[in-house]
Amino acid sequence: MDPVIIGPLIALGFIGLLVAYRVVVAASKKAPTESKAKLMVHAINDERCTGCDACVLVCPTAVLELKNNKSKVIRFDDCIQCEQCAVVCPTTALVMFREGTEPPPVLVPDLDDYYQSKVPGLYLLGEAAGKPLVKNAVNLGRAAVEHSLRTNMRPGALGPQAKPDLTCVDVVIVGSGPAGLSAAMACQQRKLSYVVLEKDAFVASTIARYPKGKYVMAEPYDVRCVGLLPVYDSPKDKLILDWNRVLTQVGLDIRLREVVEKIERQPAGTFAVRSDKGKYLAQKVMLCIGTRGKPRRLNVPGEDQAMVQPLLDDPDLYTGKTLLVIGGGDSAVEAALSLATQTLRNKVIISYRGKAFNRVKAKNRQAIDLAIAEKRILVLFGSNVKQFGDGNVVLKLAEGRERSIPIQGAFVLIGGDPPIKWLEDMGIGYVPKPHSFVRPPTDLLVERLIGRQPSNDKPNLPVSEELSGFFDHAALASPRKEATIMVPKDQFLLHLPEKLQLAPEAQKVSQIRHQ
Ligand SMILES: Cc1cc2nc3c(=O)[nH]c(=O)nc-3n(C[C@H](O)[C@H](O)[C@H](O)COP(=O)(O)OP(=O)(O)OC[C@H]3O[C@@H](n4cnc5c(N)ncnc54)[C@H](O)[C@@H]3O)c2cc1C
Ligand code: SF4
Ligand code: SF4
């Protein structure tokens, strides 16, 4: 071919190749953008974020950090899309959704403005009600008692104990977190009979179990604490100590280590409450159970004896003992590690039905591998507990044979069942709401309710009728004003922090902290 023609042809071919190359490169550059459009991204509702740190700790690539006690996405490029952060978030503050779409709706309990469920007289308060944070829980405890006085509460109507095995009270309070304690104090103030049933061995166990040194932030800072239990910024140990002093002074009826198992509304409108220790009859029930759920049980013989615990409170209480930890998740591994330190000199055995610790965090995996190598912990993979005896446990080992091992304590750490199913069985429904859903401020709710004395001449009016015009929805949205706690000074507790000579920060109760 004529070189005069070949030359331009080659040049054209070259240009064509170049263009094709550019198209391929451009397309390949575009690909990540397209695939990025399909990425799962985070939505975090600050109102529901408690700063519990669970999402931060579970993230394998340190994408999240707490800033001002709220979870924030700091290094999204490192996100491996595992969604564990959303799974562990106890308050649905953090959800993940496809970029370019809307965050998914969240299921919230179907409650009226006063946190009463569709079952009249059954209240759900605090974090379980979708209104987390300590101060909110305290405010709601008081609000529910005040509201119950305005519905068909007839103090003392059930009389004293009807039968020897039945305790009759005006109010049964389930849980001794801030919501339950505050409700109990409000009952005491209003001279209602009540009992607090707490499954744990101590009060406010959610807060008491925060990690060592955790600071309790008295959020939300634009909401006043108008409940009767003081709330202020404080290291958790100090807050719990101060609360215990308050509770001792006030003398609340709290029954520890008592798990409420069943609540049924009777045809007469009262509630039959059954715990693992007794039976109660009440006019109102206030569920202040938080979101940690019921620890799962093994359901094997001997599990009810004292040496078998559903939680590990304080590892320092165990020294020189042979202890069994059952489970294969982070809480089991962390408990075993805390019991197996050289100073405590315990012999720690883990019984886990799985074949490996596949679900635990990387740092726990490293620590447990080291403890196994150093013979501080013995792990029996593929084993199952058959029964607990008097000072021993019978395990079915992976190879099928059974073996009895002498032990002095056992911790069943196999996770918990979220309370949703339990609540649904009681008649508490759940409704979908946008992820941004926020319930109105809790201080205003209390102030509306305590702004008027209970009306004894109208005891049975339905809420809407009795409170129409009283509970002002528009006011909830209006700018906030300073307000004082409306408890008559001579009545109860207003000066409690001073009386108890609490630290100066305790006296900030009911003050607004402006940021
Ligand atoms: C690590 C961590 C850090 C946090 N930091 C903060 C913070 O800085 N500031 C803040 O405001 N909030 C914080 N929160 C959130 C705050 O602790 C909760 O929102 C608050 O405790 C909710 O109070 P509550 O009374 O609704 O429930 P909880 O405090 O959870 O109390 C529920 C109680 O009910 C008991 N119970 C449950 N079921 C039963 C049953 N069937 N029978 C008997 N008893 C039962 C439980 O044992 C528990 O004692 C944090 C939470 C965590 C986990
Ligand atoms: S999806 Fe996984 S990697 Fe991404 S932020 Fe959540 S926990 Fe971390
Ligand atoms: S797990 Fe949920 S509540 Fe806890 S810090 Fe993360 S987003 Fe907030």
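User: Which strand holds Phe271?

Analyst: Keep in mind that this is a predicted model. Phe271 sits in a strand that covers residues 271-275. That strand is β13.

User: Is Phe271 buried or exposed?

Analyst: Count the other C-beta atoms within 10 Å of its own. A residue with 20 or more is buried. Phe271 has 21, so Phe271 is buried.

User: What is the C-alpha separation of Phe271 and Val285?

Analyst: Val285 is among the residues in contact with Phe271, as are Val172 and Ala282. Along the chain, Phe271 and Val285 are 14 residues apart. Their C-alpha atoms are separated by 7.2 Å.

User: How many charged residues are in the shell around ligand 1?

Analyst: There are 38 residues around ligand 1, and Gly126, Gly175, Gly177, Thr206 and Gly290 come nearest. Helices α4 (134-150), α5 (178-189) and α6 (205-208) each supply at least two residues of the shell. By class, the shell has 18 nonpolar residues and 11 polar ones, and the charged residues number 9.

User: Which residues come closest to ligand 2?

Analyst: Ligand 2 is surrounded by 13 residues. They divide into 9 nonpolar, 3 polar and 1 charged. The closest are Cys59, Val63, Cys79, Cys82 and Cys85.

User: Which residues come nearest to ligand 3?

Analyst: The shell around ligand 3 has 9 nonpolar, 4 polar and 1 charged residue. It holds 14 residues. The nearest are Cys49, Cys52, Cys55, Cys89 and Leu94.

User: How many residues of helix α11 are buried?

Analyst: Helix α11 spans residues 442-450 and is mostly covered. Its buried residues include Thr442, Leu445 and Arg448. Of the 9 residues in α11, the buried ones number 8.

User: Which residues make up the covered face of strand β21?

Analyst: Strand β21 covers residues 392-396. Its uncovered face has Asn392, Val394 and Lys396. The covered face is made of Val393 and Leu395.

User: What is the bridge partner of Gln387 in β21?

Analyst: Strand β20 (residues 384-388) runs antiparallel to β21, and 4 bridges join them. The two strands form a hairpin with 3 residues between them, where Gly391 has a positive phi of about 80°. The partner of Gln387 in β21 is Val394.

User: Which strands stand at the edges of the open sheet of 5 strands?

Analyst: The order is β16-β23-β17-β18-β19, with parallel pairing. Each edge strand has a single partner strand, so one side of each is left without a neighbour in the sheet. The edge strands are β16 (308-309) and β19 (377-381).

User: Which residue in β19 stands opposite Val348?

Analyst: Strand β18 (residues 347-352) pairs with β19 over 5 bridges, in the parallel sense. Val348 stands opposite Ile377.

User: At about what angle does helix α8 run to β17?

Analyst: Helix α8 covers residues 330-339. It lies across β17 (322-326), β18, β19 and β23 (409-412). Its angle to β17 is about 165°.

Note on methods:
Residues are numbered from 1 along each chain as its sequence is written. Chains are lettered from A and ligands numbered from 1 in the order in which they are written. This is a predicted model: local features need pLDDT of at least 70, side-chain atom pairs count only at pLDDT 80 or more; totals for chains, interfaces and linings use all residues. A residue is near a molecule or strand if its C-beta atom, placed from the backbone, lies within 6 Å of it. Ala, Val, Leu, Ile, Met, Phe, Trp, Tyr, Cys and Pro count as nonpolar, Asp, Glu, Lys and Arg as charged, and the others, Gly among them, as polar. A residue is buried if 20 or more other C-beta atoms lie within 10 Å of its own, exposed if 12 or fewer, and partly exposed in between; C-beta atoms are placed from the backbone. Two strands pair if DSSP finds at least two bridges between them. Two residues are in contact if their C-beta atoms, placed from the backbone, lie within 7 Å. Axes are lines fitted to C-alpha atoms, for helices over the stretch in contact, and angles run from 0 to 180 degrees between N-to-C directions. Lists of a residue's contacts leave out its neighbours within four places in sequence.
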